[in-house]
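Trainee: Could you walk me through how to read a ligand site? I'd like the general idea and then the case here.

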Amino acid sequence: MDIKIYKTAEEASKVAAEIFKDTLKTGNEVFGLATGSTPEKTYEVLAASDLDFSNAIAINLDEYYGVAATHDQSYAYFMNHHLFQHKPFKETHIPNGENTDAEAETARYDAILEQNPRDLQILGIGTNGHIAFNEPGSSFDATTTKVQLTDSTIQDNSRFFTDPEEVPHEAYSMGIKSIMDAKHILLMAFGEGKAEAIKNIVEGPVTEEIPATVLQNHPNVTILLDEASASKLSNN
Ligand code: GLP
């Protein structure tokens, strides 16, 4: 794992945007994208750049179950707002949170993933070490699934909803196996709240109880941190 620590999230996000640029330059154009507050600044830099994504394919990690794409807290809305309306892609994919047929929806998404191997996969991390919505205890062999969110994730996500009752308890999520299929994985984490999770994935044993520790098994992982999220590393 290539771990880089920057003073601020802003600096790290500029580096992340450079990694997008380098990926495009080498003719690689399938991007696995993430939502959450962590990649927001990176998308801001990309949106303001002169990079051309019109031949690129975006495949998002996850979507809340039961939430319409038009809802302002849906991940579809987030991606349009932060990136796609500024930088049109050739194709964008995200699970359909309104499809109540989970078997059909997960199979549909797995087929998209199969046809479009990711060149670069962006990841944030949950405070409990989840990636996408693969919560502690998720199998490393999983493909797309409909997942139950843990209380800590529901609590973390409630900050974005005006009514806590509205926070979804379920989601569709790309599985860990599909995440690990990407050629290059770029994980970002900012703020002290992520410090424990980062210590675990860099220094702890690989365990399904902390899903992001699986990244130790991937040959090409870049981790961009700010000083706060790196503060618990022994060697920072
Ligand atoms: C959600 C998303 C994850 C994201 C995590 C952290 O659970 N499904 O993909 O990494 O939130 O969010 P934030 O970046 O806002 O801390």
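**Reading the ligand site**

Mentor: Start with Thr38, where a polar side-chain atom lies 2.5 Å from an oxygen atom of the ligand. A polar contact here is a pair of N or O atoms within 3.5 Å. This is a predicted model, where local features need pLDDT of at least 70 and side-chain atom pairs count only at pLDDT 80 or more, while totals for chains, interfaces and linings use all residues. Residues are numbered from 1 along each chain as its sequence is written, and side-chain values use heavy atoms, with hydrogens and water left out.

Trainee: How far is the polar side-chain atom of His130 from an oxygen atom of the ligand?

Mentor: For His130 that distance is 2.7 Å. Arg159 has a side-chain N or O atom 3.0 Å from a ligand oxygen. The protein covers 94% of the 390 Å² of accessible area that the ligand has on its own (Shrake-Rupley method, 1.4 Å probe).

Trainee: Which residues are around the ligand?

Mentor: Being near means having a heavy atom within 4 Å. Among them are Gly36, Asp62, Tyr75, Phe133 and Lys194. By class, the shell has four nonpolar, five polar and three charged residues; Ala, Val, Leu, Ile, Met, Phe, Trp, Tyr, Cys and Pro count as nonpolar, Asp, Glu, Lys and Arg as charged, and the others, Gly among them, as polar.

Trainee: Which helix gives the most to the lining of the largest pocket?

Mentor: That's H3, with five residues; helices are DSSP runs (H or I, at least four residues), numbered from the N terminus. A pocket is an open set of points on a 1 Å grid over the protein atoms alone, where a 1.4 Å probe fits, with protein on both sides within 12 Å along at least five of seven lines; lining residues have an atom within 4 Å of a point.

Conventions
Polar contact = N/O pair within 3.5 Å; in protein donor to acceptor, adjacent residues only side chain to side chain. Helix = DSSP H or I, 4+ residues; strand = E, 2+ residues; numbered from the N terminus.
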